[in-house]
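Trainee: I would like a close look at one part of this model, namely the salt bridges within and between the chains. Please take me through them in one go.

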Amino acid sequence: MDKKLIVSPSPHFVGEESTADIMQDVIIALIPALFAATFYFGVRVPIIVAVCVISCVVSEWLCRIVMKRPNTVGDFSAVVTGMLLAFNLPVTIKLWMAALGSVIAIVVVKQMFGGIGHNFVNPAIAARIVLLVSFGPQMVRFTAPFTTGLVDGVTTATPLNLLQQGENMPPIIDLFLGEHGGSLGETCAAALLLGGLYLVVRRVITPTIPLAFMGSAALVSVLMGLNPLYQLLTGGLILGAVFMATDYATSPLTEKGKLIFGIGCGVITMVIRHYSNFPEGVSYAIILMNILTPHINNMTRTKSFGKKIKCGAKKY
Amino acid sequence: MSEIFGWMKNAWRGGVHPPHCKNTQDIVTVDMPAPKKVILPMQQHSGTECTPLVKRGEAVFVGQKIGDSNERFSAPIHSPVSGVVRGIVPLLLPDGTNTEAVVIESDGEQKLHDSVVPPKIETFEDFIAAVRESGLVGLGGAGFPTHVKLNTNGKKVHTLIINAAECEPFITSDFRECLENTDDIFDGIDAVARFLGLERAVIAIEDNKPLAFERLLQYAEQRQGLKYGLEIKLLKTRYPQGAEKMIIQAVAGIEVPQGKLPADVGVLVMNVTSVGFLARYLKTGMPLIKRRVTVDGGAVEKPQNVEVFIGTPIRDLIEFCGGYKVPPAKLLMGGPMMGTALADDEIPVIKQNNAILAFDEEQAKVFEISNCINCGRCVRHCPVRIMPVTIEQAVLREDLDDLAALDVNTCIECGCCSFVCPARRQLAQSMRIGKAMLERVAKGKL
């Protein structure tokens with residue numbers, strides 16, 4: 001033979017789906033919520049999303065060059081992180097803060113730990129918490145829907161604030177469709193659930209974590225004597241349950257592990273909301289469970305084929 | 001309802017659905033004449049290597065035994081041609097085994113050896129001895145000596161499963177056996193059932209081969225007055241259903257316990273072509289010297305099934321199929337999921353070799369490996385329910401205790417984990433490395 005043959009280990013076929021395909025599916029799933037946010041909060045929404053996405057991609061690209069590692073911008077994970085971070089910011093945020101958050105998410109949380117798959121907490125959530133601690137007032141300055149122009153809008157309390165202060169709540173249908181104050185991507189439950197459904201149908205995620213998260217949060221709120229629907233439809237619970245808690249790198253491998261993870265997220269969220277002086281607990285709940293993920297993985301190892309089965313000529 | 005239940009059961013059992021690529025299924029098997037030279041490795045089975053029984057310059061005949069071993073766990077090797085032994089040379093097999101090979105130059109006359117007469121069988125012991133003499137090994141790919149499998153040491157076997165699943169892409173040699181030698185298959189089952197006292201035999205076939213299923217069903221109906229139950233079972237197509245423990249799970253719903261053999265749960269699994277061969281051997285006494293091989297892949301001019309003499313160099317086989325259409329980028333012995341990549345085409349066809357695939361550039365594309373994103377697909381799709389991603393991490397940090405705790409030895413090397421990995425990681429190879437590490441420990445070398 002005049003030409004050398006490729007010798008590689010089996011299998012010699014690979015599936016269609018690559019990391020980039022999965023990330024593109026997540027981006028597609030986020031688009032309904034992006035449209036809903038633009039509808040309610042105006043033209044600043046796409047600007048903030050663009051700033052976050054571009055800062056994430058550029059910082060990932062520069063980071064890989066500085067670290068002398070192969071470039072990974074092509075896997076689209078930085079785009080997903082940018083979009084998720086933007087969804088967690090109020091629409092009035094200063095653009096440089098959004099950019100700073102993106103750099104923290106990519107450089108500190110993701111690349112310093114080894115890049116995609118090696119971060120131990122969700123980069124977007126970690127960056128959001130850093131921004132919340134650093135720029136408290138700007139991060140909780142929410143505006144009412146349809147009032148935000150390019151410059152500013154009418155400041156409003158989020159339903160969670162109203163709930164905590166015992167004031168009148170907007171109707172459930174408004175909460176479901178997203179016509180209330182809040183971070184720009186978290187308000188429209190309908191769009192987020194649609195995205196989640198897409199991810200489940202495309203088998204990007206299994207429904208275990210979102211269902212366990214929302215289910216346990218609803219159950220705990222009933223036990224606490226709260227209205228579970230208000231608890232589910234306010235704050236970032238659905239955004240967190242569908243898109244943040246299901247992040248592969250920081251959630252358990254097995255379905256059993258995912259169930260424990262989701263229940264942990266739901267319970268911690270409700271405990272923070274009800275007992276602490278923070279109005280919102282989704283981010284902290286997810287981060288805490290992220291840190292526990294390696295232990296959950298060790299606890300929920302699978303039982304391999306044919307293990308501990310009694311032997312004997314069994315008829316069937 | 002049963003549809004949904006079946007789907008759920010399948011989802012829970014893991015496995016994957018690679019493209020079928022059964023391009024050669026409608027082409028009738030073609031006989032290839034004896035090549036000028038055959039190369040016969042002394043290791044064409046799992047078990048002890050054979051020792052050559054012939055010397056350089058000796059004349060040999062068709063069906064003459066040229067290699068055998070004193071060990072039980074082995075199978076003899078016969079000459080497929082008549083001619084002269086040209087030498088006994090060292091040979092490196094594609095799986096990395098070093099062995100000897102007998103090289104025979106054919107005289108083209110195909111003169112039969114005196115030993116080729118139908119075996120006289122009266123007792124169970126005669127039957128096992130005859131199966132051993134036939135040189136039969138599992139023709140589905142594993143190469144387990146059949147006489148060892150059939151000699152169950154007093155364990156009561158009630159069910160024989162005939163494995164016609166052929167779940168690997170491209171390969172159609174078992175499918176063609178079902179169509180072309182249907183009677184032989186049933187005769188073979190008869191023989192095994194008679195000597196082992198079976199209660200039932202089940203031919204298991206996947207639902208992407210409806211033609212073979214219908215034909216088997218039709219022939220089964222003609223068989224009257226059997227002393228055992230005969231059933232043709234259609235399985236939902238799923239890779240790696242044709243693996244021994246997988247097909248037992250699919251047909252009988254039994255999980256063979258770790259460290260046990262199928263006979264321990266009263267079941268035997270035989271490949272459909274092995275059974276067909278057994279019937280022909282009992283009739284003619286002609287040992288295993290030829291077999292059907294699927295030749296396919298984008299670089300082959302005329303993909304087809306070929307009845308080829310064992311020991312034929314792959315180059316000659318490809319020449320017979322019209323040669324290479326384009327220069328091959330990868331040459332495989334076996335299917336694309338579990339087959340071995342070859343370094344050259346001088347290697348001969350061996351007993352358990354059911355396919356030769358020559359891939360073109362596009363089919364042989366090698367993907368870049370990236371970071372594991374922890375998606376859990378490998379865990380979800382693993383048919384033996386181990387955790388490839390966690391095992392790979394244990395291999396990388398050489399954690400032997402964890403490797404044992406993670407049951408890496410359960411792995412059947414089907415390659416589902418590598419197949420589904422979006423980061424294109426070579427997980428199946430990591431499983432093999434993990435097994436090898438444990439084996440070295442067991443031998444006290446680490």
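Mentor: A residue is called buried when its relative accessible area is under 20%, exposed when that value is over 50%, and partly exposed in between. B:Arg292, at 4% relative accessibility, therefore counts as buried. The model is a predicted one, and the values here are computed from it.

B:Arg292 forms a salt bridge with B:Glu180, with 3.3 Å from N to O. This pair links distant parts of the chain: B:Arg292 lies in strand E13 (residues 290–296) of chain B and B:Glu180 in helix H4 (residues 173–180) of chain B, 112 residues apart. B:Glu180 has a relative accessibility of 29% and so counts as partly exposed. Both residues also belong to a network of salt bridges, which includes B:Arg176, B:Asp184, B:Arg223 and B:Lys283.

Another salt bridge in chain B joins the side chains of B:Glu346 and B:Arg315, at 2.5 Å from N to O. B:Glu346 lies in the loop between strand E16 (340–342) and strand E17 (355–359) of chain B, while B:Arg315 lies in helix H9 (residues 314–320) of chain B, so the pair ties together parts that are 31 residues apart in sequence. B:Glu346 is partly exposed, at 44% relative accessible area, and B:Arg315 is partly exposed as well, at 35%.

Over all chains, the structure holds 35 salt bridges. Across the interface of chain A and chain B, 3 salt bridges are found. One of these pairs is B:Asp407 with A:Lys307, whose closest N and O atoms are 3.0 Å apart. B:Asp407 sits in the loop between helix H12 (400–405) and helix H13 (416–420) of chain B, and A:Lys307 in the segment after helix H14 (282–299) of chain A, so the pair joins two chains. B:Asp407 is buried, with a relative accessible area of 12%, whereas A:Lys307 is partly exposed, with 24%. B:Asp402 and A:Arg301 also form a salt bridge, their closest N and O atoms being 2.9 Å apart.

Helix H1 (19–41) and helix H13 (255–275) of chain A each supply at least two residues to the side of chain A that touches chain B. That side has 19 nonpolar, 18 polar and 11 charged residues. In total, 48 residues of chain A contact 84 residues of chain B. About 5,300 Å² is buried between the two chains, and carbon and sulfur atoms give 57% of this area.

Terms used: Residues numbered from 1 in each chain as written. Chains lettered and ligands numbered in written order. Predicted model: local features only at pLDDT ≥ 70, side-chain atom pairs only at ≥ 80, totals over all residues. Heavy atoms only, no water. Salt bridge = Lys/Arg side-chain N within 4 Å of Asp/Glu carboxyl O. Helix = DSSP H or I, 4+ residues; strand = E, 2+ residues; numbered from the N terminus. Buried < 20%, exposed > 50% of the residue type's maximum accessible area, 1.4 Å probe, protein only. Contact = heavy atoms within 4.5 Å. Buried area = accessible area lost by both parts, 1.4 Å probe. Nonpolar A, V, L, I, M, F, W, Y, C, P; charged D, E, K, R; others polar.
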